[in-house]
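Work through the exercises below with the sequence and the 3D structure in view. Try each task before reading its solution.

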Amino acid sequence: MTKSVLMAGVLGGVLGGLGAYLAVLWLKPVEAAPTNAGVATREPASPEARAVAEAFVSKLRTGKYDEFALDVKLGMSALPDKEFAVFKQKFEEALLLAHGVYGTPTGEVELIGETALTPNLARFVYLQKFPRGAMVWFFVLYNTPEGWRLNGIVFNKDLIHAFPSGS
């Protein structure tokens, strides 16, 4: 075998492996979506809960991503620094990927569902729009004695997670 054929084979293997790795990263969800991630409404959520969710979403609409991340940290007061660092890293990676593949966000973030399981627990589902795609956002809020607090947040580029399980 000649040296140039051997080098071409090695180069092809490396480039193929890199391409496969990038494809797996792209196809892998940013974070696992909740099992019952549907948008069906059992009861309307309270206006106060919706106002809290909208405050988070307003930062996404205007591209104030650093402020959004800080609001998540402040909103989830029990979130340890290590877990917040993981959230922020995944958030930043997802935004970079979404901007690169879908384009610059349009500024449109649409409420596509809300679920209130009790008067004290609500989930809001939003669709963040880009020119060539979208991301789905889940915000879970709990009503504490101090008011509505962020309990959980999930974001995903795989829009299938916006639908109820079994749909």
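A residue is called buried under 20% relative accessible area, exposed over 50% and partly exposed in between, with a 1.4 Å probe and protein chains only. The model is predicted, so local features need pLDDT of at least 70 and side-chain atom pairs count only at pLDDT 80 or more, while totals for chains, interfaces and linings use all residues. Residues are numbered from 1 along each chain as its sequence is written, and side-chain values use heavy atoms, with hydrogens and water left out.

**Exercise 1. Outline of the chain**

Task: State how many helices and strands the protein chain has, and give their pattern along the sequence.

Solution. 
Step 1. Helices (H or I, at least four residues) and strands (E, at least two) are DSSP runs, numbered from the N terminus.
Step 2. The protein chain has 4 helices and 4 strands.
Step 3. Along the sequence the pattern is α-α-α-α-β-β-β-β.
Step 4. Of the 167 residues in the protein chain, 34% are buried.
Step 5. The accessible surface (Shrake-Rupley method, 1.4 Å probe; for residues, only the protein chains shown count as cover) is about 9,800 Å², and carbon and sulfur atoms hold 64% of that surface.
Step 6. A contact means heavy atoms within 4.5 Å. Among contacts in the protein chain with a separation of 6 or more, 58% are between residues 24 or more positions apart.

**Exercise 2. Aromatic rings**

Task: How are the rings of Phe 87 and Phe 91 arranged, and are these residues buried or exposed?

Solution. 
Step 1. Rings of Phe, Tyr and Trp (its six-membered ring) pair if their centres lie within 6.5 Å; planes under 30 degrees apart are stacked, over 60 edge-to-face and the rest tilted.
Step 2. The whole structure holds 15 aromatic pairs. In one of them, Phe 87 and Phe 91 are stacked, 5.8 Å centre to centre with 5 degrees between the planes.
Step 3. Both residues sit in helix α4 (residues 81-102), 4 residues apart, which means a separation of about one helical turn.
Step 4. Phe 87 is buried at 8% relative accessibility, and Phe 91 is buried at 2%.
Step 5. Trp 137 and Phe 139 are also stacked, because their ring centres are 6.3 Å apart and their planes are at 15 degrees. Trp 137 is buried at 0%, and Phe 139 is buried at 0%.
Step 6. One aromatic cluster includes Phe 87, Phe 91, Trp 137 and Phe 139, and Tyr 126 also belongs to this cluster.

**Exercise 3. Salt bridges**

Solution. 
Step 1. Side chains of opposite charge can pair when their charged atoms come close. A salt bridge is a side-chain nitrogen of Lys or Arg within 4 Å of a carboxyl oxygen of Asp or Glu.
Step 2. The whole structure has 9 salt bridges. Between Glu 114 and Arg 50, the closest N and O atoms are 2.1 Å apart.
Step 3. Glu 114 is in strand β1 and Arg 50 in helix α2 (residues 47-61), so the pair ties together parts 64 residues apart in sequence.
Step 4. Glu 114 is buried at 8% relative accessibility, whereas Arg 50 is partly exposed at 35%.

Task: Which strands does the salt bridge between Lys 129 and Glu 110 tie together?

Solution. 
Step 1. The side chains of Lys 129 and Glu 110 form a salt bridge at 3.0 Å, N to O.
Step 2. Lys 129 lies in strand β2 and Glu 110 in strand β1, so the pair ties together parts 19 residues apart in sequence.
Step 3. Lys 129 is partly exposed at 24% relative accessibility, and Glu 110 is partly exposed with a relative accessible area of 36%.
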